[in-house]
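Here is a brief report on aromatic pairing and helix packing. The structure comes first.

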Amino acid sequence: DASSFRISVRLSDLERGTLLWSGAYDALHSSPLAIRDEITSLIAGALMVKVVDAEAVASTRRADPDKGAYDFVLRGRSLMSRLTRVSNSEARKAFERAIELDPRHSDAYVGLGRTDLSAVAMGWTAYPSEALDRAEALARKAIEIEESNPAGHVLLGRTHARRSQYDRALDAMRRAVSLNPSNPNSHAGLGDVLLWSGEPEAAIRSLETALTMDAGLSAEDMFSLGMAYLLGNRAVDCMRIAQRLVDRNEANGFTFAILAAAYAELGLTNEAATAAARTREAMPFFDSGKFGTLIRNPTMRDNLLLHLKAAGL
């Protein structure tokens, strides 16, 4: 493509002669300064993820009695990535323990709030309103402790979005991105809110940026990217992302639902029926009428429901 080009970047340890990290980026034809800033941000985000992953591995190797607050935060994050009811409950205990050890650890409050958000999103609580109240209070506590930590603003934004307070959610997410443009979680959070706000194209840009920074993006954020593709009339890309979650063994009923809808949109009847069956297997009480209620745009909600029904859901 004459309007874009690919840049390959490598980080090497010259003394040991080893390659520490490498990545490739497709840059649109733009000014050298704009390209430099974009690539610098992406590299910083990718390296931040590498450091956090290394810290998490180191944490799991330590004996429990020696764990500090940050170790429990890392353990909680690892448990949350499994996206099951049991692991979410165990993550809650880890974050609560982190707060006991260090009541001023902002990331511990963020993690605890995320367990409430996940419980609401996955239907693991009979009291979603109370869970959202807790999540918002924990987000504000984290921001009070450390206003410059993007994670607190991301949690606050996700809480607002879950209540359909889209403008407040966008303000919080844009604050998070401005605090650290190299943080993949901030870009993913912004993409999530843009998705539910009814701006799938903008959501795709933010979520693809997050995925470029972090190839191991969480199942929740990967789902949001798949949904954004689906609402943005990119069913093939939706299928690709959903299948990636299946390959990672991180697919759930919602994943199979958007996969079924994507197949139905493409007229792949048999494949849609298979994905629909897996949706019902994972979530026997799946309700297609409630599935897209967070989407602000009624036309998009109606189209999604149409494809779900065509798939047999």
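This is a predicted model. F286 has a relative accessible area of 15%, under the 20% cut-off, so F286 is buried. F291 is at 12% relative accessibility, so F291 counts as buried too. F254 is likewise buried.

**Aromatic pairs**

Searching the whole structure gives four aromatic pairs. For F254 and F291 the planes stand at 25 degrees with the ring centres 5.7 Å apart, so this pair is stacked. It joins distant parts of the chain: F254 sits in helix α12 (residues 253-265) and F291 in helix α14 (residues 288-291), 37 residues apart. F286 also pairs with F291, and that pair is tilted. Two of the pairs are set out below.

| Pair | Centre to centre | Angle between planes | Class |
|---|---|---|---|
| F254 and F291 | 5.7 Å | 25 degrees | stacked |
| F286 and F291 | 5.3 Å | 55 degrees | tilted |

One aromatic cluster takes in F223, F254, F286 and F291.

**Helix α5**

How far apart are the end C-alpha atoms of helix α5 (residues 128-145)? They are 26 Å apart.

Which residues of α5 are buried? They are A131, L132, A135, E136, L138, A139, A142, I143 and I145. The cover over these buried residues includes α4 (106-122), α6 (150-162) and α7 (166-179).

Definitions and conventions. Residues are numbered from 1 along each chain as its sequence is written. This is a predicted model: local features need pLDDT of at least 70, side-chain atom pairs count only at pLDDT 80 or more; totals for chains, interfaces and linings use all residues. Side-chain values use heavy atoms; hydrogens and water are left out. Rings of Phe, Tyr and Trp (its six-membered ring) pair if their centres lie within 6.5 Å; planes under 30 degrees apart count as stacked, over 60 as edge-to-face and the rest as tilted. Helices (H or I, at least four residues) and strands (E, at least two) are DSSP runs, numbered from the N terminus. Buried means under 20% relative accessible area, exposed over 50%, partly exposed in between (1.4 Å probe, protein chains only). The expected span of a helix is 1.5 Å times one less than its number of residues. Contact means heavy atoms within 4.5 Å.
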